[in-house]
Amino acid sequence: MKLALLASLIAGAAAFAPASTGKASTALKADFSNEIGAQVPLGFWDPLNVVDGEDQAEFDRLRWVELKHGRVAMLAVVGYLTTYAGVRFPGAEDIPAGFAALPAIPGMVWAQMIATWALMEAANQSQENTPGVKDGWKPEFIGDFRNGFIDFGWDKQSDEWKLKKRKIELNNGRAAQMGILGLMVHEQLGNIQTILPLGPQ
């Protein structure tokens, strides 16, 4: 609680700090204010100036990293809540939820998970040049892994609909990143039962 108050005081004080006035650069800078993710109420929000002076290719790479982390975080939140509710694979009924599961998982399961993660990371990219992918297929955007066969009606939709769905995925990923962080922090604080009262006590 004290840490949260201190953080809010620092954030409040930073709002009144004088703005730094650096030297004007003559280099052309890309305008990212109309990119997906620059939405109401914050617009294009980059408080750490991560993309300051970067080109479109670097922005696209960072956007892909954000999208991938968001997808992983959405799975992590669902996995955390599912195991916290007591759902287990057959044979894993005695594995606890949360951080307590880490030392309880057998070594061979760790090996299988790490191998699976490595394979997923290797395949988690544009598949346009992969053998077996439909000839002439190109991804519509970075993170588009449909490979020309898996479509689920995406190509039949309007550009406006597609843009809306991409924004929803990005925002859900952002929320999930904060969500899994909050779950992990509250578990370490020892008050996870307060925010998840319906789980095992």
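Is Phe-141 buried or exposed? Phe-141 is buried, at a relative accessible area of 14%; buried means under 20%, exposed over 50% and partly exposed in between, with a 1.4 Å probe and protein chains only. The model is predicted, so local features need pLDDT of at least 70 and side-chain atom pairs count only at pLDDT 80 or more, while totals for chains, interfaces and linings use all residues. Residues are numbered from 1 along each chain as its sequence is written, and side-chain values use heavy atoms, with hydrogens and water left out.

Six aromatic pairs occur in the structure. Rings of Phe, Tyr and Trp (its six-membered ring) pair if their centres lie within 6.5 Å; planes under 30 degrees apart are stacked, over 60 edge-to-face and the rest tilted. The pair of Phe-32 and Phe-44 is tilted, because the planes stand at 45 degrees, with the centres 6.1 Å apart. Both residues lie in the loop between helix H1 (2-14) and helix H2 (56-84), so the pair ties together parts 12 residues apart in sequence. Helices are DSSP runs (H or I, at least four residues), numbered from the N terminus. Phe-32 is buried at 4% relative accessibility. Phe-44 is partly exposed at 35%. Ring pairs join Phe-32, Phe-44 and Phe-59 into a cluster.

Phe-141 and Trp-154 form another tilted pair, 6.2 Å centre to centre and 55 degrees between the planes. Both sit in the loop between helix H4 (107-123) and helix H5 (159-189), 13 residues apart. Trp-154 is buried, with a relative accessible area of 14%. Arg-166 lies over the face of Phe-141, 4.0 Å from the ring centre; this requires CZ of Arg, or NZ of Lys, within 6 Å of the ring centre and within 35 degrees of the ring normal.

Note on methods
Helices (H or I, at least four residues) and strands (E, at least two) are DSSP runs, numbered from the N terminus.
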